[in-house]
Amino acid sequence: MANLLWIQAVCCGAETASLLNSDHPHFEVALRALDVAVLGHAYLHGQAKGKMGDVLAACAAGTVPVNLLVVEGATYRAARQPAPWATGKPLTDWVDAIARVADYTVAVGTCASFGGIMACARSPLGATGLQFHRADRGGLLGADYRSRAGLPVVNVPGCPAHPDWMIGTLWALRRDRLTLGDLDRFNRPRAFYGKLAHHACPRNEYYEFKASATAYSQQGCLFENLGCKGTLCESDCNERLWLARTGSCTRGGFPCLSCTSPVFPDGFVPFFQTAKISDIPTSLPLDVPKAWYVGISGLSKLACPERLRRNAVSSKPVWPDRGAADGDKDDRV
Amino acid sequence: MVTKTIVFSPFSRLEGDLQIHVEIEDGRIAVSRASGTLYRGFELMLRGRDPLDAIVFTCRVCGQCGLIHSAASAAAIRAVLGVEMPPNACIASNVMLAVEVILSHLTHFYLSFAPDFADAPYDDAAAARFLPPAGASCSRMLREREEILGVLGLFAGKWPNSLAIQPGGTTRPVNACEIRRAQGLLGEFSEFVTQQLIGCELEHWLALRSAADLDRWLGEGAHAASDMGFFITRALRLGLDKMGRWPARFISSGGWPSATGGTLMRPGWMPNLPQVANLRGVVEAFDPARIAEHVKNSWFEPYEGGLHPHDGESEAAPERTDAYSWAKAPRYAGQPAEAGPLARLAIDRDALIMDLLGRHGPSVYVRELARLHETIRLLSQIGIWLGEVDPEEPFCRDTRHAESGSGVGLVEAPRGTLGHWIRVEGGKIRNYQIVTPTGWNLSPRDSEDQPGPLEAALVGTSVPDPDHPVTVSHVVKSFDPCLFCTVH
């Protein structure tokens with residue numbers, strides 16, 4: 001059995017909440033399969049494991065080996081915080097020290113990965129991600145940081161991260177099966193971040209014909225008017241699905257905010273508007289050539305079937321007329 | 001007389017950064033101080049942003065109760081606009097928010113409160129049941145969570161950090177088929193509660209009206225073997241009914257607004273706890289204008305007395321050596337107040353909880369039991385709400401952009417009364433203030449140096465073994481503190 005040290009830094013606890021939402025494997029089953037003893041985690045660090053300050057000190061000194069160091073939440077460079085906990089040392093110093101001796105270091109959530117909400121403009125914290133500050137390499141540990149096993153910090157962003165992304169990444173690391181080639185340019189596992197949230201969105205037919213919702217609760221595409229960033233967001237949310245596989249942001253009727261991106265949140269504000277130049281959104285999809293997109297979108301809007309045009313702005317399905325009594329008439333378009 | 005000062009931090013099985021400083025005299029706590037030691041500055045981050053973006057930011061104050069923050073934010077914007085949600089949106093939000101409360105209460109009980117029974121100096125029976133993650137009851141809770149998450153997913157799409165609640169209503173209309181699916185999932189989740197938590201039907205539990213009814217219930221059938229039965233037996237044996245009391249004053253905004261007006265539970269302010277002989281107590285109208293926040297002992301730029309949140313200030317001053325917390329001290333009519341399930345149910349005059357308060361006072365035992373009782377009440381209520389959704393009617397109205405004005409959104413979060421105050425000028429946020437439930441409960445001392453509810457409740461607690469301060473832990477956890485919320 002190996003040790004997994006989970007440190008909550010400047011966070012909101014959403015990765016922890018999301019982790020507990022794991023289904024297949026359920027959280028407790030996942031822990032058994034990972035074959036790890038969890039230290040430091042808010043819910044799993046009992047008295048029997050010793051006082052937190054002592055455990056952190058033992059981990060930093062190497063007397064308790066840390067196979068997986070997981071950090072939830074941003075860290076900070078400018079210390080405007082009094083020393084947290086009764087450990088006499090700023091939390092950031094503990095993270096820094098233990099990252100040097102851990103086999104693998106994993107950042108869960110966008111704050112730990114890139115700074116996220118905690119590093120937004122006007123944040124008084126001087127918060128940063130573990131090895132990135134927004135889209136720039138560096139962060140708390142520096143661009144050259146490598147864990148003992150030779151990997152940079154493995155980033156598992158999302159606000160929050162999906163439980164599968166966290167457990168799947170830890171699972172691969174426990175078996176030493178994650179290599180640099182499995183990570184993308186922001187050191188995110190491609191297996192989870194290689195697609196777009198837009199893929200498998202049930203509103204895709206509306207998207208293809210630019211049949212757009214103009215207000216919430218309507219069935220149309222949320223990109224053109226309501227600020228959806230699903231075509232920019234590198235994640236597999238709409239294929240993987242959330243909450244016992246019942247939903248996603250766009251399935252919930254609200255725009256994807258591209259929360260797995262290193263420039264979340266300030267790269268996408270104001271969130272609920274789509275910036276446009278003469279009716280063409282300025283943030284074009286990542287997965288098609290821009291010139292072609294502009295070319296075909298005008299055409300596809302013209303080609304939009306009446307059925308989609310009407311349904312896009314309706315909160316309930318608008319059905320075609322029943323047609324002729326003999327049932328041979330198909331007026332679906 | 002022996003005086004010993006101990007600082008507990010971080011707390012075992014508690015989220016967020018809480019530091020409890022106690023001075024022990026002759027084995028009992030004489031003085032206590034509760035400090036939130038994390039600072040994030042959400043209120044400052046929001047200045048100058050688009051009002052709607054407050055929904056996105058504030059739901060990220062807390063990973064466990066983000067939806068209720070988004071609801072408070074949407075309600076504050078709704079107040080600026082002077083609009084209302086359609087009835088379906090009211091019901092749909094209530095379903096989502098009640099699920100969030102149930103998840104929060106059960107996560108708290110199974111992963112934070114009950115595991116303390118399993119740690120030294122206690123025994124193996126509790127460990128087999130409650131020691132996370134493999135204890136029989138907590139591992140089952142982690143599995144069954146999936147069903148109630150499914151109910152949430154049908155309305156909220158994703159969680160934590162759903163944006164399904166907007167000023168105009170809810171973003172996802174549900175159809176008749178989805179309502180049936182939600183009812184099915186709810187029924188399956190209820191089986192976990194009936195089999196594991198209470199060992200009887202929900203209706204049977206909800207029929208309990210007094211402490212005597214509860215005594216009788218405990219003696220019937222297999223009830224004593226349920227998690228609730230185990231909790232009651234253990235709590236009374238350990239004297240948790242005598243621990244964690246304070247001269248309680250309760251606050252509640254009612255929570256879960258009805259589409260036809262009013263709230264599911266009655267709102268109110270209870271300045272004096274009713275005596276046994278006079279259980280009716282005195283409940284006054286809840287008036288948000290009477291709320292003020294103090295910073296005499298908090299790491300913020302000092303000001304005189306208290307400020308109403310509408311005019312609140314949040315300039316950090318970490319260099320202040322005369323302060324000890326990142327939490328401000330909210331006061332109602334100048335008094336510290338307890339928020340949460342116990343406060344809600346007392347103000348709502350729930351018969352079982354009022355009678356238990358009469359017998360055991362506002363103790364660890366009654367506070368925790370109120371939380372479980374509310375879980376069962378809400379679970380039953382979700383089924384009623386699902387039946388009231390009309391899929392033919394709208395869920396959302398189109399609203400204009402908020403350009404100027406001020407508004408407040410007051411809601412009941414899992415841990416109690418939550419308020420968001422927004423002031424909009426020129427289409428941007430000018431000022432934003434958040435007063436959270438744990439802000440009320442774990443408040444530091446105010447301008448008059450009156451301690452907060454937890455600080456008061458800790459005084460007198462016996463601490464037999466300072467190396468295993470489990471009594472302190474019971475008292476602290478009975479308030480279900482969420483430090484993330486508190487130190488937004």
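## Terms and model

A salt bridge is counted here when a side-chain nitrogen of Lys or Arg is within 4 Å of a carboxyl oxygen of Asp or Glu. Side chains of opposite charge can pair when their charged atoms come close. The model described below is predicted, and over all its chains it holds 42 salt bridges.

## Overall build of chain A

Chain A contains 12 helices and 11 strands. Its C-alpha trace spans about 80 × 40 × 35 Å along the principal axes. The chain has 333 residues, and 60% of them count as buried. Among contacts in chain A with a separation of 6 or more, 71% are made by residues 24 or more positions apart.

The accessible surface of chain A amounts to about 12,800 Å², and carbon and sulfur atoms contribute 55% of it. Chain A carries 35 positive and 30 negative side chains; the centres of these two sets lie 3 Å apart.

## The contact between chains A and B

Chain A supplies 71 residues to the contact and chain B supplies 78. Together the two chains bury about 6,100 Å², with 60% of this area on carbon and sulfur atoms. By the rule given above, 2 salt bridges are found across the interface of chain B and chain A.

A:Lys316 lies in the segment after helix H12 (306-312) of chain A, while B:Glu392 lies in the loop between helix H13 (364-388) and strand E11 (405-413) of chain B, so the pair joins two chains. A:Lys316 counts as partly exposed, at 31% relative accessibility, whereas B:Glu392 is exposed, with a relative accessible area of 52%.

## Charged pairs within the chains

In chain B, the side chains of B:Arg415 and B:Asp480 meet in a salt bridge with an N to O distance of 3.6 Å. This pair links distant parts of the chain, 65 residues apart: B:Arg415 is in the loop between E11 and strand E12 (416-425), and B:Asp480 is in the loop between helix H16 (470-478) and helix H17 (483-486). Are these two residues buried or exposed? Both B:Arg415 and B:Asp480 are buried.

In chain A, A:Asp96 and A:Arg100 form a salt bridge at 3.0 Å, N to O. A:Asp96 is partly exposed because its relative accessibility is 25%, a value between the cut-offs of 20% for buried and 50% for exposed. A:Arg100 also counts as partly exposed, at 42% relative accessibility. Elsewhere in chain A, a network of salt bridges links A:Asp23, A:Asp164, A:Asp236, A:Arg240 and A:Arg245.

## A residue in strand E8

A:Asp136 is placed in strand E8 of chain A, which covers residues 136-137. Its relative accessible area is 53%, so A:Asp136 is exposed. A:Asp136 and A:Phe186 are separated by 50 residues in sequence, and their C-alpha atoms are 9.1 Å apart in space.

Conventions
Residues are numbered from 1 along each chain as its sequence is written. Chains are lettered from A and ligands numbered from 1 in the order in which they are written. This is a predicted model: local features need pLDDT of at least 70, side-chain atom pairs count only at pLDDT 80 or more; totals for chains, interfaces and linings use all residues. Side-chain values use heavy atoms; hydrogens and water are left out. Helices (H or I, at least four residues) and strands (E, at least two) are DSSP runs, numbered from the N terminus. Buried means under 20% relative accessible area, exposed over 50%, partly exposed in between (1.4 Å probe, protein chains only). Contact means heavy atoms within 4.5 Å. Accessible areas come from the Shrake-Rupley method with a 1.4 Å probe; for residues, only the protein chains shown count as cover. Lys and Arg count as positive and Asp and Glu as negative; His and the chain ends are not counted. The place of a charge is taken as NZ of Lys, CZ of Arg, CG of Asp or CD of Glu. Buried area is the accessible area (1.4 Å probe) that two parts lose on being put together, summed over both.
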